[in-house]
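Please look over the sequence and the structure below before reading on.

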Amino acid sequence: MVGFCAAKIGADSTIRAGHANTMDAPEKSEKRLWLFGVLIAPTAMLSHGLVSGTLSLLLREQGVGLARGASIVSLLTLPFVINFLWSPITDFGLRRRNWIMAAAVVAALLLVVAFHMQNLASPAAIAVLFLSSCFGQLVLVSCGGMMGLLSSESARRRAGGFYQGGSLAFGSVGVFVISMLAGRISLHALSWVIGGMVALPALAALAAPVQQKMVRESFAEEIRRIGREFRRTFLRWEAVPYVVLLCSPLGTGAAIGLLTGLAKDYQVSAHEVAWINGAASLVLMPAGAVMAGMLPVRLKSMVGFLATSAINAGTLVVLWVGPLRPATYYVSTMLFLFTIGACYAMYTAVALEFLGDSGKSGSARFSIINSIGNGPVTYMDWVDGRGYALWGPRGLPATDAVLGLSASGLWLVYFLLRRKK
């Protein structure tokens, strides 16, 4: 609409012989778009099911305050932002589907180790959980590199819908199971349950199309190829709006994990949290993601992302102004969960549009884009926690809603002015 579609360099064309990809031909890949909803499961269990989903609940059960818990959650989401520091290894050595399986198993084992420590809020436990989260990010960027092969915008939209729908669905299963078991079994036993939910879904990578290996090139030629790919993705004026947009506090979903800790202030029990934030979200968030993935391609990804983000921020106004009662929590949380699924699907569409085709460095470039987009998740976890610390239960949703609506409004005005111009 405003000239930003130049980001789709190579996105609407098949892979040429001189630009071999690390996966099978696009025709074969695009018949299995649903598979991306399963491949992302290990990261979903870690990031949404545990770190941003139920960790604040587990910490509060151990006597850790919500403000302190929000700080720990914010720290453990940092790998979502800095994963570009180690994620490029998934473009080399093992095939990307093998990276998914290996990274998931290591992340699960580290998680078990952390839960066997005396206190989850201890520095040692936090450090091990942090490392587990780092390995979990290798699954995510491997999926991103594989999606970069898709040749058409409609296929990318659908893949993004399945990818986010699967992520949210498996994450919701994690929230439900962990919430139901919290306080009923020991943390040691719970760690094996969570570890299994992280590691076992990675076996679905065996069903992914077998990747083709890159054509043998000298080290210098590979470096030049990677340099060209990075330049045409990032070093152009059209990249600036993407970067600024992804850094904005829009559709972050940071409140997802904090809402489980906020439930107590609205007289909602842990059992009810399991059903609302776990079971209900299992339907609501994937439904929102899949529906957003089906939006017409003529609706630009950026505009779709802004619209869904504004609606999502508006759902928290119910928690902000409503009475501190269970009904308020139920209504606002369910609306929030449905709309955040749509936000995530449109975010993936923006990220893939920014990426272009995968080439040799697809995972590395996707990790950078995803790191930029996850920056707001990390700082909004902290900001929302400060809102609670300063103004109490209403302060958390108020802070998130005001920032989200303000940012969405400013960007929509910008787009309208550019279009008129």
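**Overall picture**

The protein exposes about 16,000 Å², and carbon and sulfur atoms supply 69% of that surface. The coordinates are those of a predicted model, and every value in this briefing should be read with that in mind. Of the 421 residues of the protein, 60% count as buried, and the secondary structure comes to 18 helices and 0 strands. Among the contacts with a separation of 6 or more, 86% are accounted for by residues 24 or more positions apart.

**Helices and their packing**

- Helix α3 (residues 41-51) packs against helix α7 (residues 96-115) at an angle of about 35 degrees, and the two axes are 9 Å apart.
- Helix α9 (residues 153-181) has 29 residues and reaches 42 Å from its first C-alpha to its last, which is close to the 42 Å expected at 1.5 Å a residue.
- Helix α9 is also mostly covered, with 21 of its 29 residues buried, and just after this helix Gly 183 takes a positive phi of about 85 degrees.
- Helix α13 is largely enclosed by the rest of the structure, because 8 of its 8 residues are buried; these are Ala 255, Ile 256, Gly 257, Leu 258, Leu 259, Thr 260, Gly 261 and Leu 262.

**Aromatic pairs**

- Tyr 242 and Phe 354 form a stacked pair, with 4.9 Å from centre to centre and 15 degrees between the planes.
- Because Tyr 242 lies in helix α12 (residues 239-246) and Phe 354 in helix α16 (residues 326-355), this pair ties together parts that are 112 residues apart in sequence.
- Tyr 242 has a relative accessible area of 0% and is therefore buried, and Phe 354, at 0% relative accessibility, likewise counts as buried.
- Tyr 266 and Tyr 329 form a tilted pair, for which the centre-to-centre distance is 6.2 Å and the angle between the planes is 40 degrees.
- Tyr 266 lies in the loop between α13 (255-262) and α14 (270-293), whereas Tyr 329 lies in helix α16, so the pair ties together parts that are 63 residues apart in sequence.
- Tyr 266 is buried, with a relative accessible area of 0%, and Tyr 329 counts as buried at 0% relative accessibility.
- Ring pairs also link Phe 230, Phe 234, Tyr 242 and Phe 354 into a cluster, so that the stacked pair of Tyr 242 and Phe 354 belongs to this cluster.

**A buried asparagine**

- Asn 312 lies in helix α15 (residues 301-321), and because its relative accessible area is 3%, below the 20% cut-off, this residue is classed as buried.
- Leaving out residues up to four places away in sequence, Asn 312 touches Phe 336, Thr 339, Ile 340 and Cys 343.

Methods:
Residues are numbered from 1 along each chain as its sequence is written. This is a predicted model: local features need pLDDT of at least 70, side-chain atom pairs count only at pLDDT 80 or more; totals for chains, interfaces and linings use all residues. Side-chain values use heavy atoms; hydrogens and water are left out. Axes are lines fitted to C-alpha atoms, for helices over the stretch in contact, and angles run from 0 to 180 degrees between N-to-C directions. Helices (H or I, at least four residues) and strands (E, at least two) are DSSP runs, numbered from the N terminus. The expected span of a helix is 1.5 Å times one less than its number of residues. Buried means under 20% relative accessible area, exposed over 50%, partly exposed in between (1.4 Å probe, protein chains only). Rings of Phe, Tyr and Trp (its six-membered ring) pair if their centres lie within 6.5 Å; planes under 30 degrees apart count as stacked, over 60 as edge-to-face and the rest as tilted. Contact means heavy atoms within 4.5 Å. Accessible areas come from the Shrake-Rupley method with a 1.4 Å probe; for residues, only the protein chains shown count as cover.
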